[in-house]
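Q: I've got a protein chain open and want to get my bearings. Can we go through it together?

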Amino acid sequence: MTSSFARRRLLTGAGALAAGTLLAGCSAGGDGGSSGGRRLRAAFSAGGSQETLDPHIAPLFVDQARAKALYDSVLTYKDDMSVQARLAESWESDRSGSRWTVRLRSDARFHDGSPVTAADVLWNYRRMADPATGAAAQQLFSGVDFAASTAKNRDLTLVLTAPDFEFPAALGAPGTEIVPKDTKNFARPVGSGPFRYRSFTPGGKALFTAWADHWDGGPHIEELEFVPVNDERARLNALLSGQVDYAHDLTAASASRVTGRDGLAVLRSRLSTMQAVLLRLSRAPFDDARLVQAFTLGLDRDRLVEVALSGHGTAGNDLFGMGLRAYPEDLAPRERDVDRARALVKAAGAEGLAVALETSDADPTWRNASTLIADQLKDIGLKVTPHVRSAATYFGEVKDKGVAFHSRTATLPVVTHLRSRLRSGAANNLTGYADATFDRLLAQATATRDEKTRLELLDRAQRRARDRDGQLVWAFSDWNIGHSDAVTGLRAAPPNSRDWARFDRVKLS
């Protein structure tokens, strides 16, 4: 999710209550009971007692789903991660790409009846850009000159310190929802989204009610309840038993149990989550490019999809964003070449070298993937041993520990990924990739007005990085959501897109 907006702590849920306790109030009867068409219950992994309804601090998918219900953003993402309107009526740049003008809708209102103004939006973006806020989108607004930017009624002008024709991607990113200017307390938040706040317990349930006066029309359900269930099997069981109507982020095995079951259905979005092994290029042994290439050629991606993902995925090609805007077309698949890989290991003097592969249960597919990768790389002369870390601390630990580690990233604009993960010195550049030519191509692309030329430059940058960046994308796993047949109005959509976790068009029969 996030700034890069990857699923940094999706399954950690530190401090969250046990699933059994959380679901105890979901049986029929009383306020927690079945409400027919009134209340939809959605089960998500939660983040514990430190959770907040501040939309700018939203690392988890449950945070983003709650924010989407309570608030609106200026733009949002289509399935291919290109932008589309939300609070904005229009947006355009000057010829230099360093001055962007946004006109807001005239009918957008906050829940207290006040209009959503350009001054509100500018204040929000300034808050996000402040490192003290800890906003997920901080990097995306670091290039805005707020002293030169202006707001008047519905018209917002954002002045950038450098030309950027891809800047609109920032205005639709997760964690960029708009709150009223000068908001300091999020205990009872005021938003402009399709639902209003009713109650929330950090690490516990959140209950929102429909707002009939929303500019896009009021929701069809009366109440929306987020139920925290960290364990994926518990989410599945809650759905199977009828305690929840919607179960977020199910494994392929769980989705298979739901498919074909009377009264239940699965939404499956392909190419939704990049599965990768990242190699630390700044440390031995992967400071030797021959071993990076050997590791790359030693992987059998089709077999990994078949075993680790139970066939519910697509073999990766060592680049993020397959199927999205700006992903290189006609890219030849990465084929396994054991002989070539073994020769590279031998040339590097690394036969029999022991390598620890960092993994955890933060993603339920990684354990099986780690075992299979170890078997595959044994064929090329490397002794890979999975090193299991706690799911609760995994993503924080691998930022600076280990030389090879599993990673995953949900759908985001390709440019956002390149800037945050591969650009030299970027905060989330975990491989240590540093290439002046790549940086130049990326900067040249974003400063280019012509869309076709811009995409050509991005294509060149990605093809260059593919063989050098230490990012071994072995698959894109499907995104699975289970729901009751009583819930209509849902569609399969990738994470971070407009229609993912969108509940304002849902109906309950």
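Q: Which backbone nitrogen does the side chain of Glu51 reach?
A: The backbone nitrogen of Gly47, at 2.7 Å. Keep in mind that this is a predicted model.

Q: Where in the chain is Glu51?
A: Glu51 sits in the loop between β1 (39-44) and α2 (61-70).

Q: Is Glu51 buried or exposed?
A: Glu51 is buried. Its relative accessible area is 9%, and buried means under 20%.

Q: What does Glu51 touch, leaving out residues up to four places away in sequence?
A: The list includes Ala46, Leu60, Val62, Asp63 and Arg66. Phe200, Thr201, Pro202, Gly203 and Gly204 are on the list too.

Q: OK, another residue. Where is Asp287?
A: Asp287 is in the loop between β12 (264-279) and α7 (289-298).

Q: Buried or exposed, that Asp287?
A: Asp287 is exposed, because its relative accessible area is 51% and the cut-off for exposed is over 50%.

Q: Which residues is Asp287 in contact with, leaving aside neighbours within four places in sequence?
A: Arg280 and Leu281.

Q: And how are Asp287 and Val403 separated?
A: Their C-alpha atoms are 9.9 Å apart. Along the chain, Asp287 and Val403 are 116 residues apart.

Q: Now Val244. Where does Val244 lie?
A: In the loop between α5 (232-240) and β11 (246-250). Val244 is buried, with a relative accessible area of 1%.

Q: What separates the C-alpha atoms of Val244 and Leu53?
A: A distance of 22 Å. In sequence, Val244 and Leu53 are 191 residues apart.

Q: Let's zoom out. How many helices and strands are in the chain?
A: The chain has 14 helices and 19 strands.

Q: What does the radius of gyration say about the chain?
A: The chain has 23 Å. A compact globule of 509 residues would have a value near 23 Å, so the two agree.

Q: What box do the C-alpha atoms fill?
A: Roughly 70 × 55 × 35 Å, along the principal axes.

Q: How much of the chain is buried?
A: Buried residues make up 59% of the 509 residues.

Q: What about the accessible surface?
A: The accessible surface comes to about 19300 Å². Carbon and sulfur atoms account for 47% of that.

Q: Which share of contacts joins residues at least 24 apart in sequence?
A: That share is 72%, among contacts between residues at least 6 apart.

Q: Last one: how many charges are there?
A: The chain has 66 positive and 61 negative charges. The mean positions of the two sets are 2 Å apart.

How values were computed: Residues are numbered from 1 along each chain as its sequence is written. This is a predicted model: local features need pLDDT of at least 70, side-chain atom pairs count only at pLDDT 80 or more; totals for chains, interfaces and linings use all residues. Side-chain values use heavy atoms; hydrogens and water are left out. Helices (H or I, at least four residues) and strands (E, at least two) are DSSP runs, numbered from the N terminus. Buried means under 20% relative accessible area, exposed over 50%, partly exposed in between (1.4 Å probe, protein chains only). A polar contact is a pair of N or O atoms within 3.5 Å; within protein, one must be able to donate a hydrogen and the other to accept it, and residues adjacent in sequence count only if both atoms are side-chain atoms. Contact means heavy atoms within 4.5 Å. The radius of gyration is taken over C-alpha atoms; the globule rule is 2.2 Å times the number of residues to the power 0.38. Accessible areas come from the Shrake-Rupley method with a 1.4 Å probe; for residues, only the protein chains shown count as cover. Lys and Arg count as positive and Asp and Glu as negative; His and the chain ends are not counted. The place of a charge is taken as NZ of Lys, CZ of Arg, CG of Asp or CD of Glu.
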